[in-house]
Amino acid sequence: MTADPTYRGFALDAETALALLQWQAELGADEPCLDAPLDRYVMPDRAETPPAPPPAAPVVAKPRDEAEDLVARAEAMAAAATTLAELAAAQEAFDGIELKKGARNFCFCDGNPGARVMIIGEAPGEEEDRQGRPFVGRAGQLLDLMFGTIGLSREAVDAERGLYITNVLTWRPPGNRRPEPAEIAMMLPFLTRHVELAQPQLLVLMGNTPCIAALNQQGILKLRGKWTTAFGLPALPMAHPAYLLRTPLAKREAWADLLSLSARLEG
Ligand code: URA
């Protein structure tokens, strides 16, 4: 803002504008929130805005919670799917989840659906949203390296060496925010059916969100490395590769977890 009436804004050359945009993207500002800028200087002061009145007490019995209806619809759609292809089609068609409106692509799975090991991650990020495949960004590259060290790969066509990969959410949350409990609840019937149809021998719960979804527990740093049961299968919670990128010292524990997985597969 300036008081100078002749002020016409900054003159930015294209190169500087691009550098500024890239800088913002590196800070995590990866999408605009509004079509037009918001001039907060002309908005009424918050303090002047009277508080909203409390909601009126309901005079009739509360209608059945809409969220419960959506979960019930998701359950019915997931249960009706008899193949992975049908499940993918049903989940993509499910309109109950708002995230679908803001995402570019549906992100169902990657890798070998016959693999012994199925990895369940959190949700698509920017690159996954662009490509419609889970774990293809920086965290995904680290994930490939990690599992490669114990001879597992999403490219492998044999069940022994293959990896099958999915996420709790199949649509990207805006700005990579954490999945909300209601979103997890709506996607859980699809995830449960996904595991039933893929029939892996072992699950890897990659990060907090799949632990919330599958175990109803959180605190990945406590849960990691301890074998448990999820969807009726042996499951190993592990720290998310995005966390490992930020916390390289935690890679030592992740390595121990990979060895534990490898021993279980061999045993
Ligand atoms: N993080 C996840 O949990 N899943 C992805 O697909 C990408 C990043």
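**Close-up views of the paired strands and the cysteines**

View 1. Ile119 stands opposite Val204 in strand 4. This is a predicted model: local features need pLDDT of at least 70, side-chain atom pairs count only at pLDDT 80 or more, and totals for chains, interfaces and linings use all residues. Residues are numbered from 1 along each chain as its sequence is written, and side-chain values use heavy atoms, with hydrogens and water left out. Strand 2 and strand 4 (residues 202-206) run parallel and are joined by four bridges. Strands (E, at least two residues) are DSSP runs, numbered from the N terminus. Two strands pair if DSSP finds at least two bridges between them.

**View 2. Strand 2 beside strand 3.** Strand 2 pairs with strand 3 (residues 163-167) in the parallel sense, over five bridges. Ile119 has Ile165 as its bridge partner in strand 3. Val117 stands opposite Leu163 in strand 3.

**View 3. The two sides of strand 2.** Strand 2 spans residues 117-121, and five of the five are buried, so the rest of the structure largely encloses it. Buried means under 20% relative accessible area, exposed over 50%, and partly exposed in between (1.4 Å probe, protein chains only). In a regular strand the side chains alternate between the two faces of the sheet. Val117, Ile119 and Gly121 point one way from strand 2. Met118 and Ile120 point the other way. Buried or exposed, which are these residues of strand 2? All are buried.

View 4. Strand 3 is mostly covered, with five of its five residues buried. Leu163, Ile165 and Asn167 point one way from strand 3. Tyr164 and Thr166 point the other way, and all are buried.

**View 5. Strand 1 against strand 3.** Strand 1 (residues 110-111) pairs with strand 3 in the antiparallel sense, over two bridges. Which residue of strand 3 is the bridge partner of Asp110? The partner is Ile165.

**View 6. Cysteines without a disulfide.** The structure holds zero disulfides (a disulfide is a pair of cysteine sulfur atoms within 2.5 Å). Cys107 is in no disulfide, and the nearest cysteine sulfur, that of Cys109, is 9.0 Å away. Cys107 counts as buried because its relative accessibility is 0%. Cys211 also has 0% relative accessibility, so Cys211 counts as buried.
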